[in-house]
Amino acid sequence: MQQTMTSARRLWHPALPYALDYLGLVLITAVLSMLWFNRRLGSLLLAIPMGVAFTLLASLVFYRWQHRRWLKRKSALDRQALSLWLADELLSGTTEELRELACDLLCSQQDYRLCFESGKPLLSKGTATWRLYCLRRHPSCPVDAQQLMQLKAASDRTGVRTAVATTAAFTEPAQEYAQRTGLLLISLEELADMAHKAGMRPPASSRSYYSRLARQAPPAPRRSLAQRAAKLRSVRYALGALLLGFMGWLSPWRGWHWAAAVFCAVMAAATAATCIKGKRKDPV
């Protein structure tokens, strides 16, 4: 009995429902495209190969889109697993290890230069110089503005700007204070982003463990959601204008379709201009 249930579970793989849905979508697309070509051309012999060709092309485009989504999701999970591993390693290590990692990543990924003054490391970029302070904190305890004020007061005595790297995040008042005073903030998420771009990975012995933790963790909130929504609106309006223009070229009611296409094109230009204007006002 147990062996029968095991074989049934292997047969009903979790990917099987997705494959059946995909097959059903392909069949529906093939039937609808054949009916449409038959109505336009008036010949079933021509509609069948054209419908098959259109279905194959649409399936290929859909497969490539799904594959890109899968790669993007896999990259996000790998980056989240790397962030969890970095948090454990840096919290169990020393402050010097955090300073060395932050300096290496900033110099390799952000084009900073590392120099020394009186035996103390300094970060420089262009004509600006920062003294790097490292705070080892649990990710559940973000750095507040009061701590940044204390570090800036200690750094102002030397006449050098302040850079703060931490194993946690920064509160919103701390980020606002850093923008006003010119502080350079490096949070755990930024360290994980730079480490992921540099090709760092958790050790092979613990990679599966942190990957499982990354799948169980809630998704991180997206940044600048309003600007991304504005970009998506402009893209949707542009695609709508192209589609309506193509439909107007095929259908006998060209005036209505082309008028709607012009309206969508104007809306796409307006939303794109609004997005560009918002970027100029708030470059962050």
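Mentor: Begin with α3 (44-92) and α4 (95-109), each of which supplies at least two residues of the negative patch. This is a predicted model, where local features need pLDDT of at least 70, side-chain atom pairs count only at pLDDT 80 or more, and totals for chains, interfaces and linings use all residues. Residues are numbered from 1 along each chain as its sequence is written, and side-chain values use heavy atoms, with hydrogens and water left out.

Trainee: Which helix gives the largest share of the negative patch?

Mentor: Helices are DSSP runs of H or I with at least four residues, and strands are E runs of at least two, numbered from the N terminus. The largest share, 3 residues, comes from α4.

Trainee: Why does Asp88 count as partly exposed?

Mentor: Buried means under 20% relative accessible area and exposed over 50%, with partly exposed in between (1.4 Å probe, protein chains only). Asp88 lies in helix α3. It counts as partly exposed because its relative accessibility is 38%.

Trainee: In which sense do β3 and β4 pair?

Mentor: Two strands pair if DSSP finds at least two bridges between them. Strand β2 (residues 120-125) pairs with β3 in the antiparallel sense over 4 bridges. With strand β4 (residues 161-166), β3 has 6 bridges, and the sense is parallel.
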